[in-house]
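Please read them alongside the sequence and coordinates.

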Amino acid sequence: MSIITDEDVANEEKPNRRQRQAARIAEAASAGLKAILVKIILLGLVDAIALYALFVLFAKGQWIVFGLVLAVTLIVNWIYFSPGKLPAKYLTPGVIFLVIFQIFAVGYTAYIGFTNYSTGHNSDKDQAVSALMSSALERVPDSPTYAVTVVDRVGTLSLLVTDPDGDVSIGSNDEPLQRVSDATVEGGKAVAAAGYTSLSFQDVVARTDEITKMAVPYSEDPNDGSLRTPDGRNAYLYLSTLVYDEQAGTMTNTGTGVVYSDTGEGAFTSPDGEAMLPGWRINVGFDNFVRAFTDEGIRGPLVSVTIWTFFFAGISVASTFLLGLFLAIVFNDLRMKGRKFYRVAMILPYAFPAFLSALVWAGMLSESFGFINQVLLGGAQIPWLTNEWLAKFSILLVNLWLGFPYMFLVCTGALQSIPEELQEAATVDGASPWAVFRLIKLPLLLVSVAPLLIASFAFNFNNFNLIYMLTGGGPRDAEASVNVGATDILISMVYKVAFTGQTRDYGLASAFSIIIFILVAVISIISFRKTKALEDLN
Amino acid sequence: MKTTTRTTAEATGFVPVKRPFTLKRWFASTGWRHVVGLVMVVFSTFPLLYVLSASLNPHGTLTGSNALFSKIGFDAYVRILNTPEAPYAAWFGNTLMIAGITALGSVFLGALAAYSFSRMRFTGRRTGLLTIVLVQMFPQLLGVVAIFLLMSTIGDIFPAIGLNSQIGLIMVYLGGALGVNTFLMYGFFNTIPASIDEAAKIDGASHARIFFTIILRLVAPILAVVSLLSFISTTNDFVLASVLLVDPEKQTLAVGLYRLVSNPNYADWSAFSAGAVLAALPVMALFLYLQKYIVGGLTAGSVK
């Protein structure tokens with residue numbers, strides 16, 4: 001066992017210049033031709049993908065992302081083409097994924113927590129204006145007929161429009177009509193434009209739904225209306241019943257005459273408080289947190305869910321550990337026959353995929369048709385999953401079923417690694433078997449098992465699958481203004497607020513996530529302080 | 001805790017072995033252990049027997065599945081494989097593909113990182129290790145909202161890796177790879193003597209050759225464990241897969257089977273059970289075959 005110690009490091013740390021040079025030459029000489037070829041091909045692939053990405057980003061005008069991709073590509077090339085920098089060569093691939101999908105995700109969550117991002121507020125103001133106006137489009141009775149050709153560029157449809165005067169322009173849902181000079185015109189109608197693929201009749205038929213939903217703005221001013229085509233050949237001018245006044249920031253419904261104004265809450269609101277949706281995303285500061293802690297309909301569930309989360313995780317760890325330890329002691333007797341059989345039978349629940357277990361138990365615990373009620377309890381109608389307290393009990397029971405094999409395996413391993421001599425010595429000294437267990441075996445066992453108990457607590461703290469698949473978090477809390485139930489834990493509450501139900505409130509869900517982050521961080525700091533785990537990290 | 005008292009008494013060999021056999025004494029020494037064993041065997045296997053029996057029941061409902069092994073037939077298996085609304089075969093293939101690539105990718109990324117932390121000394125090394133330990137504390141699950149919005153933004157620009165793309169989902173999983181696996185592997189890498197690297201270096205091997213041809217082979221056991229654990233956790237993931245994959249043909253088993261029985265009272269319970277059995281058999285076989293290594297791997301992180 002030779003683990004690199006600090007002393008070795010100190011000795012290795014400072015090679016002089018000649019040594020470094022020699023190392024470099026050796027390194028270069030030892031790299032085979034094949035390895036260099038593989039390296040060049042891989043980097044070539046990466047660069048080709050990056051180049052494609054840069055091209056697309058350039059075309060879409062995404063300058064910030066463009067800059068980031070360019071910088072990362074340059075850094076990656078610099079790292080792999082320059083000599084040395086070994087640690088960077090080995091760390092870069094993983095770090096790139098880590099930064100984008102984990103560290104950035106955390107930061108982005110924090111940002112969303114301070115916005116009103118949700119179903120009715122998921123774009124910026126300009127997009128909200130055009131969405132509102134196009135949702136209220138009505139065909140102008142005496143609209144001229146525009147001959148159109150549907151064209152495609154990288155999956156985005158555009159209309160190539162020839163107006164009655166013979167002028168040709170092109171535009172898509174997002175881009176208003178613009179003049180084109182180089183279009184191919186046949187029989188007074190533009191049929192193709194450079195950079196676009198014209199759709200054939202079959203393509204038009206195949207994508208009818210997409211085409212009939214198109215609304216191409218006539219100009220930059222949304223009040224000028226849009227062109228829509230019912231058949232992919234002729235288009236007509238549609239005007240919105242809403243009129244947008246950019247100066248005053250108001251929307252006027254020409255039908256009813258109501259003026260909706262921007263009150264700074266991310267939506268056009270009428271004088272009597274009616275908001276027009278979709279609105280747009282704005283920064284709302286601490287509003288989501290204020291709502292979470294003061295709104296009765298949210299604070300109540302948040303507090304009870306937090307308590308239940310700790311309770312659930314704690315009881316789960318304790319119950320699985322106690323049962324696992326008990327079984328480990330029972331089956332840790334060499335004279336017992338058939339131990340292997342029992343062992344295999346008992347770890348089956350652990351080997352069975354966890355999400356399936358929860359679904360199977362959900363069926364077995366069903367109130368009117370389930371196996372437990374119908375067969376084991378002779379036709380009783382016990383609401384295992386729909387009564388608040390029974391649902392909590394069922395969850396703990398199923399988690400015991402799921403989790404005890406792991407604790408059994410771990411405890412068996414830990415018990416067997418305790419030297420027999422300790423026990424013999426204690427017995428010779430006259431200790432009772434119970435004292436031997438309590439004062440010698442248990443403390444030694446806990447030393448090796450404690451980190452696993454903490455890990456198990458952390459796992460159950462976010463044990464989404466079990467909760468969501470067994471009870472769906474239900475039974476639902478009728479007093480709550482968010483979709484939360486009696487058995488929901490924090491993570492399943494976040495999921496339900498963000499992704500289920502009529503309104504998806506990303507802002508509130510992210511605020512909840514941040515609250516969980518803070519809770520987890522506090523627990524981690526305390527446990528690190530206690531165990532001093534970070535101090536011997538080297 | 002009366003039981004434990006007896007256990008230790010037994011283990012220390014207080015009871016002389018050569019005495020005439022009586023049922024009472026047999027029960028006091030090992031018999032009661034068999035009773036505990038039988039109870040536990042029933043507790044742990046009856047849900048599994050139940051699902052097996054339900055899968056062999058040709059008729060679909062939950063009630064019909066309650067009479068264990070009353071009818072035997074493979075109709076449910078045929079049904080689950082031939083229902084167009086529930087493309088089970090596609091789910092199975094997707095799960096294998098996504099979990100397989102994720103397992104390979106994350107074990108590779110983790111091994112690269114663990115190698116550099118274990119063998120190289122550089123500025124920011126301790127900070128890097130600390131960061132990884134801290135990142136471990138915050139599972140990706142918590143950032144699911146941000147990941148969803150990020151992927152939908154990416155999807156607007158690059159549909160191939162955005163929302164509703166399996167490649168995108170794999171990339172998200174790989175983002176969690178470093179945090180989860182590096183530390184476990186780092187500990188194992190440290191047990192491989194550094195003198196082996198040095199000998200190879202003196203013989204003129206480059207760092208890449210040392211890593212790929214020597215180190216990776218020596219740490220093969222931990223690579224197997226980490227990839228298996230990653231495979232299992234990816235298979236079990238519901239949150240990210242359900243949020244990021246929209247089309248039924250693109251979904252995984254966890255998402256598909258959940259949707260199939262989201263209301264068990266009205267679902268085709270036998271077909272679900274058949275799907276569950278088909279999905280579980282390979283996993284369980286692999287698990288039982290490799291259980292020694294898995295258990296070793298699970299505890300390796302803690303027992304230093």
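1. Strands β13 (residues 250–253) and β14 (residues 259–262) of chain A run antiparallel and are joined by 3 bridges. M251(A) has Y260(A) in β14(A) as its bridge partner. Strands here are DSSP runs of E with at least two residues, helices are runs of H or I with at least four residues, and both are numbered from the N terminus. Two strands pair if DSSP finds at least two bridges between them.

2. On provenance: this is a predicted model, in which local features need pLDDT of at least 70 and side-chain atom pairs count only at pLDDT 80 or more, while totals for chains, interfaces and linings use all residues. Residues are numbered from 1 along each chain as its sequence is written, with chains lettered from A and ligands numbered from 1 in the order in which they are written.

3. The pair in point 1 belongs to an open sheet of 5 strands in chain A, ordered β12-β13-β14-β15-β16 with antiparallel pairing. At the edges stand β12 (242–245) and β16 (275–276) of chain A, each with a single partner strand, so one side of each has no neighbour in the sheet.

4. Helix α6 (residues 125–135) of chain A lies across β12, β13 and β16 of chain A, at about 155 degrees to β12(A). Axes are lines fitted to C-alpha atoms, for helices over the stretch in contact, and angles run from 0 to 180 degrees between N-to-C directions.

5. In chain A, 9 of the 10 residues of helix α18 (residues 490–499) are buried, meaning that 20 or more other C-beta atoms, placed from the backbone, lie within 10 Å of the residue's own. Among them are L490(A), M493(A), Y495(A) and K496(A). Just after α18(A), G501(A) takes a positive phi of about 85 degrees.

6. Helix α11 (residues 339–351) of chain A has 13 residues and reaches 18 Å from its first C-alpha to its last, close to the 18 Å expected at 1.5 Å a residue. The expected span is 1.5 Å times one less than the number of residues. Buried residues in α11(A) include Y342(A), M346(A) and P349(A).

7. Which residues of chain A does UniProt mark as "transmembrane region"? The unreviewed entry lists several spans, including 93–114 and 307–332. Residues 93–114 of chain A are 95% helix and 0% strand, with end C-alpha atoms 32 Å apart. For residues 307–332 of chain A, the figures are 92% helix, 0% strand and 37 Å.

8. At the interface, 96 residues of chain B are in contact with 97 residues of chain A; contact requires C-beta atoms, placed from the backbone, within 7 Å. Helix α2 (residues 23–56) of chain B gives the most to chain B's side, with 13 residues.

Key:
Two residues are in contact if their C-beta atoms, placed from the backbone, lie within 7 Å. A residue is buried if 20 or more other C-beta atoms lie within 10 Å of its own, exposed if 12 or fewer, and partly exposed in between; C-beta atoms are placed from the backbone. UniProt positions are given in the numbering used here, feature names are shortened, and annotations may be inferred rather than shown by experiment.
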